[in-house]
Amino acid sequence: MRLITVKRETKEEKRHTPRMGELLTKVTYIRKYFISIPYKTVHKYRETYYGEIKDCEDCVLAR
């Protein structure tokens, strides 16, 4: 049994852009778990409307 695991989870989030308005994107989180309790987000990225992959920290789309 491993104490520390790394899991990838994708979920849809609502974002807002000035040009397109409200946008529903798939955001992928890579998290570390200690005995199935999440304690750290290693990386967070999203897929754009055109299929490109962008880091969520590079572009702030929230109001």
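Predicted model: local features only at pLDDT ≥ 70, side-chain atom pairs only at ≥ 80, totals over all residues.
Colleague: Why does Glu 9 count as partly exposed?

Modeller: The relative accessibility of Glu 9 is 34%. Buried means under 20% relative accessible area, exposed over 50%, and partly exposed in between, with a 1.4 Å probe and protein chains only.

Colleague: What makes the contact of Glu 9 and Arg 31 a salt bridge?

Modeller: The N to O distance between their side chains is 3.3 Å. A salt bridge needs a side-chain nitrogen of Lys or Arg within 4 Å of a carboxyl oxygen of Asp or Glu. Glu 9 and Arg 31 meet that limit at 3.3 Å, so the pair is called a salt bridge. Glu 9 lies in strand β1 (residues 4–17) and Arg 31 in strand β2, so the pair ties together parts that are 22 residues apart in sequence. Strands here are DSSP runs of E with at least two residues, and helices are runs of H or I with at least four, numbered from the N terminus.

Colleague: Is Arg 31 buried or exposed?

Modeller: Arg 31 is buried, because its relative accessible area is 19%, and the limit for that word is under 20%.

Colleague: How many salt bridges does a search of the whole structure find?

Modeller: The search finds 2. One of them joins Glu 22 and Lys 14, whose closest N and O atoms are 3.9 Å apart. That distance also lies within 4 Å, so the name applies. Both Glu 22 and Lys 14 are exposed. As a general point, side chains of opposite charge can pair when their charged atoms come close.

Colleague: What is the secondary structure of the chain?

Modeller: The chain has 0 helices and 4 strands, in the order β-β-β-β along the sequence. Of its 63 residues, 27% are buried.

Colleague: What makes Ile 35 stand out in its phi angle?

Modeller: Ile 35 has a positive phi of about 50° although it is not a glycine. Ile 35 sits in the loop between β2 (21–34) and β3. Ser 36, in that loop as well, also has a positive phi, near 55°, without being a glycine.

Colleague: Why is Ser 36 called exposed?

Modeller: Ser 36 has 60% relative accessibility, and the limit is over 50%, so Ser 36 counts as exposed. Ile 35 has 41%, so Ile 35 is partly exposed.

Colleague: Which residues form the nonpolar patch on the surface?

Modeller: The patch consists of Met 1, Leu 3, Ile 4, Phe 34, Ile 35 and Tyr 39, with about 690 Å² of accessible area together. Patches take residues with over 30% relative accessible area and no salt bridge, joining nonpolar side chains (Val, Leu, Ile, Met, Phe, Trp, Tyr) within 5 Å and like charges within 9 Å. Accessible areas come from the Shrake-Rupley method with a 1.4 Å probe, and for residues only the protein chains shown count as cover.

Colleague: How do you know that Tyr 39 passes the area limit?

Modeller: Tyr 39, in strand β3 (residues 37–47), has a relative accessible area of 45%. The limit is over 30%, so Tyr 39 passes.

Notes: Residues numbered from 1 in each chain as written. Heavy atoms only, no water.
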